[in-house]
Amino acid sequence: MTTTLVAPPVRVGKAAVWALGMLAAATGTLESVVTPTLPLLQRELSMSPAQGALLSITMLITGALVTPVAGNLGDRHGGKRVMLRLMAVVAAGGLVSSLAPNLPVLLLGQVLEGAMVGAMPLSFILVRKHLTPGESQVAIGVVSGMFVGGGMLGTLIAGPIAENLSRHWMFAIPTIAIVVATLLVQRLMPDDPPARSEARIDWPGLVLLSGILLTLMFGLALAPSAGSQPLAFGALVVLLALFVAGWTVVERRSPSPMVDLNLLAKPAIWSSYVITFAVCVGTAVAMYLVPQLFAVSADGYGFGASSTDIGRYLLPGAVMAAISGPLGGLAARRFGSSAVVATGIGLMTATLVALAFQHSAVWHLVVGKALIALASGVCVTAMVVRTATSVDHGNTGTATSLVLVTRVIGFAAGAQISGAFLTAGTRPGMDDPAESAFVTGFVVAGAVTALSLLVVRTLNKGVKA
C-alpha cells in the first residue's frame, strides 16, 4: 500500500477570514430581501397569498437540501473548490431574480439562490484547515456573525431599495457584492487539498435525505391545519417515517455513506443538534410574535406600530444578532462551549418567560428581542464550534451542515407554532388575536428552550481531542 505525503496546510491571515466574512454577509443580505418586501412583490407580480407563501419558503427548502450535500462534497473534494462553484450558481440565481418579469422566473431565481446556505459549512472547512484550533473557533464566530448581520441588513434595506429604485435592484445589489466577495476569497484563500476525492457520491442516500427534508418541511407547513386535514398530515408522517427508515438502512450499508451514522451517535454531535433545534424554536417564536405584538391595535394591548416603526424597534436586536457570532466564538474559546450554551439558554429562557408577563411597554419588547437575539446567536455559534471541533477534518463540512439544517428546521417549526397559536387565539370577526395567545406562545417557547438544558451536559462526552 502506497503512502501519500500531504503537505501541511498553508496558514492564512485575517484578510482571508474577513473575505469569508464578507461573502457570508453578502449571502445573508440576499437571503433576507424577500420577507420584508413580500407585500410589494405580491402587488407587482399579482401573486395570491398562497403564492406569496410559496415564494417565502422556496429558498428555505432549497437551502435545507443543498447544505448537507455541499458540506459532504467539501469534505471530499476541498472546501474552496466546491464553494467557488456554488457561488457561481448563487450569482446566477441573483441575476435571474433581479431580471424576473413574473413569478415563475422569480421562483427559479430563488431556487438557485438557495444554494448560498451551503457556503457556511464550506467556510468552516477552510478555517479549520488553515487556522489553529483556537483561531478557527473565533473565525467560525466571525463568519456566523457576518451572515446573521447580513441578514439583518437585508431586512432593513430591502424595502427602501425596492420603493426608491425597484424590486430588481434589491436582488442585484447583494448579488454584485457576492461576486466581489467570491473573487476576494478566490484570491486570498489558498486551495485546500481534497480529503476523500476518490470516494463516490452516495446518490441513494442523497435522494432519501432530500425526501426526508422535503417531507419534514411540508409537514411543518401543514401542521397548523392538521385538524382539518388529518389524512394528508397522517400520510406525510407515514412518508417521513418510511424515508427515515430507508435512509438509515442505505447509510448503514453504503461503503461511502453521505452521513456516517456512527458520527451522529456521538453524544457531542447529537446533543448539539437537539440544543440547536430547541434554541431556534424559541428564537423563531420571538421573531414572529414580537413584530405581531407591535402591530396589534393600540386600542387594546398592542402599540399600533407601522412597518417603519417596527423596523426601528427591531434594530437593537439586529445589532445583537450581528455581534453574537464573534462573541460566541470568543466565549467558546475562553470558557468552553458547554458553559456558554448553558448561560445562553438560561438568559433566553428567562427573557421569554419575562416577555409573557411583561409586554406593556415598547422597551419591554425591544430589550427582550435584543437579549433573545444575543443569546440565540451565541448558543448557535457555540454549537457550530463544538460540532466542528468534535470531528476530524474530513467530516467538518458534513457535521456542521447538519447543524445549519437543524437551525432551518427549528426556525420553520417555531414560526408554524407561533402562527398556530395566534390563529387559534383570534375570535371570529376580530382582527387581532387575544393577548393570551401571545402569553401562551412565549411560555411554550421558554419551556422548549429550558428543556434543552437537560442535554447540555452531554456536549463534552466523546469529544475529539
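## Helices α7 and α8

A158, I161 and A162 in α7 meet R167, W169, M170 and I173 in α8; contact here means heavy atoms within 4.5 Å. By class, the α7–α8 contact has six nonpolar, no polar and one charged residues. Ala, Val, Leu, Ile, Met, Phe, Trp, Tyr, Cys and Pro count as nonpolar, Asp, Glu, Lys and Arg as charged, and the others, Gly among them, as polar.

Helix α7 spans residues 133–164 and packs on α8 at about 130°, with the axes 6 Å apart. The two helices are therefore oblique to each other. Angles under 35 degrees count as roughly parallel, over 145 as roughly antiparallel, 65 to 115 as roughly perpendicular and the rest as oblique. Axes are lines fitted to C-alpha atoms, for helices over the stretch in contact, and angles run from 0 to 180 degrees between N-to-C directions. The α7–α8 crossing is right-handed.

## Basis of the model

This is a predicted model: local features need pLDDT of at least 70, side-chain atom pairs count only at pLDDT 80 or more, and totals for chains, interfaces and linings use all residues. Residues are numbered from 1 along each chain as its sequence is written, and side-chain values use heavy atoms, with hydrogens and water left out. Helices are DSSP runs (H or I, at least four residues), numbered from the N terminus.

## The salt bridge

The structure holds one salt bridge (a side-chain nitrogen of Lys or Arg within 4 Å of a carboxyl oxygen of Asp or Glu). It joins the side chains of E44 and R167 at 3.0 Å, N to O. E44 lies in helix α2 (residues 38–44) and R167 in helix α8 (residues 167–188), so the pair ties together parts 123 residues apart in sequence.

R167 counts as buried, at 8% relative accessibility. E44 is partly exposed, with a relative accessible area of 45%. Buried means under 20%, exposed over 50%, partly exposed in between (1.4 Å probe, protein chains only).

Helix α4 (residues 79–99) packs on helix α5 (residues 103–113) at about 160°, axes 7 Å apart. That makes α4 roughly antiparallel to α5. Residues in the contact include V89, V90 and V96 in α4, and V105, L106 and L112 in α5. The contact divides into eight nonpolar, five polar and one charged residues.

Helix α12 (residues 267–295) and helix α15 (residues 362–389) also pack at about 160°, with axes 10 Å apart. That makes α12 roughly antiparallel to α15. Their contact has 18 nonpolar, five polar and two charged residues.

Conventions: A crossing is left-handed if the near helix is turned anticlockwise from the far one by less than a right angle, and right-handed if clockwise.
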